[in-house]
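I opened a notebook page for this chain. My entries follow in the order in which I looked things up.

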Amino acid sequence: MKISQSQLERVLAHYQTGIKKPMEKKAQPQDQLTLSSEAKLVKEVQEAIKGIPEVRNQKVQEIKKAIEAGEYKVSSQDVAEKMMQRMMVDNLIEGKSQGG
């Protein structure tokens with residue numbers, strides 16, 4: 001196969017124009033994230049929880065004062081009820097996380 005001078009010049013001209021021009025960037029598709037209504041609700045709840053302090057200092061101070069004054073009394077009935085409530089909630093959460 002023979003390459004003529006004109007063919008060589010055209011190839012070189014084309015090659016040189018490609019070098020001089022910066023490569024055009026093709027538009028890349030953008031990633032998208034779509035949240036379900038449940039996910040949006042979870043996000044809202046998480047944001048609301050962030051605003052709640054973990055320790056209620058005023059309540060702690062009230063209880064400390066009551067203990068120091070010997071006035072802090074908790075009924076065994078209240079303790080038992082709270083323990084049962086907590087156990088029921090834990091069981092519900094475990095059941096959901098295990099798919100049951």
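**Confidence.** I began with pLDDT, which is the predictor's confidence in each residue, from 0 to 100. I note that the model is predicted, that local features need pLDDT of at least 70 and side-chain atom pairs pLDDT 80 or more, while totals for chains, interfaces and linings use all residues. Residues are numbered from 1 along each chain as its sequence is written, and side-chain values use heavy atoms, with hydrogens and water left out. The chain has a mean pLDDT of 83, and 87% of its residues reach 70 or more. Where pLDDT is low, the predicted coordinates should not be read in detail.

**Fold.** I counted helices (DSSP runs of H or I, at least four residues) and strands (runs of E, at least two), numbered from the N terminus. The chain has four helices and zero strands, in the order α-α-α-α.

**Surface.** I looked up accessible areas, which come from the Shrake-Rupley method with a 1.4 Å probe; for residues, only the protein chains shown count as cover. The chain exposes about 10600 Å², and 57% of that belongs to carbon and sulfur atoms. I took buried as under 20% relative accessible area, exposed as over 50%, and partly exposed as in between. Of the 100 residues in the chain, 1% are buried.

**Helix 3 and what follows.** I checked the span of helix 3: its twelve residues reach 16 Å from first C-alpha to last, close to the 16 Å expected at 1.5 Å a residue. The expected span is 1.5 Å times one less than the number of residues. V74 sits in the loop between helix 3 (57-68) and helix 4 (76-97). I list V74 as partly exposed because its relative accessibility is 48%.

**Patch.** Which residues form a nonpolar patch on the surface? I found I67, Y72, V74, V79 and M83, with about 480 Å² of accessible area together. Patch members have over 30% relative accessible area and no salt bridge; like charges are joined within 9 Å, nonpolar side chains (Val, Leu, Ile, Met, Phe, Trp, Tyr) within 5 Å.

**Salt bridges.** I searched for a side-chain nitrogen of Lys or Arg within 4 Å of a carboxyl oxygen of Asp or Glu. There are two salt bridges. E47 pairs with K50, with the closest N and O atoms 3.4 Å apart. These two are about one helical turn apart, because they are three residues apart in helix 2 (residues 37-50). E47 is partly exposed at 42%, whereas K50 is exposed at 64%. R86 and D90 form a salt bridge at 2.8 Å, N to O. Both lie in helix 4, four residues apart, about one turn of the helix. D90 is partly exposed, at 28%.

Technical notes
Buried < 20%, exposed > 50% of the residue type's maximum accessible area, 1.4 Å probe, protein only.
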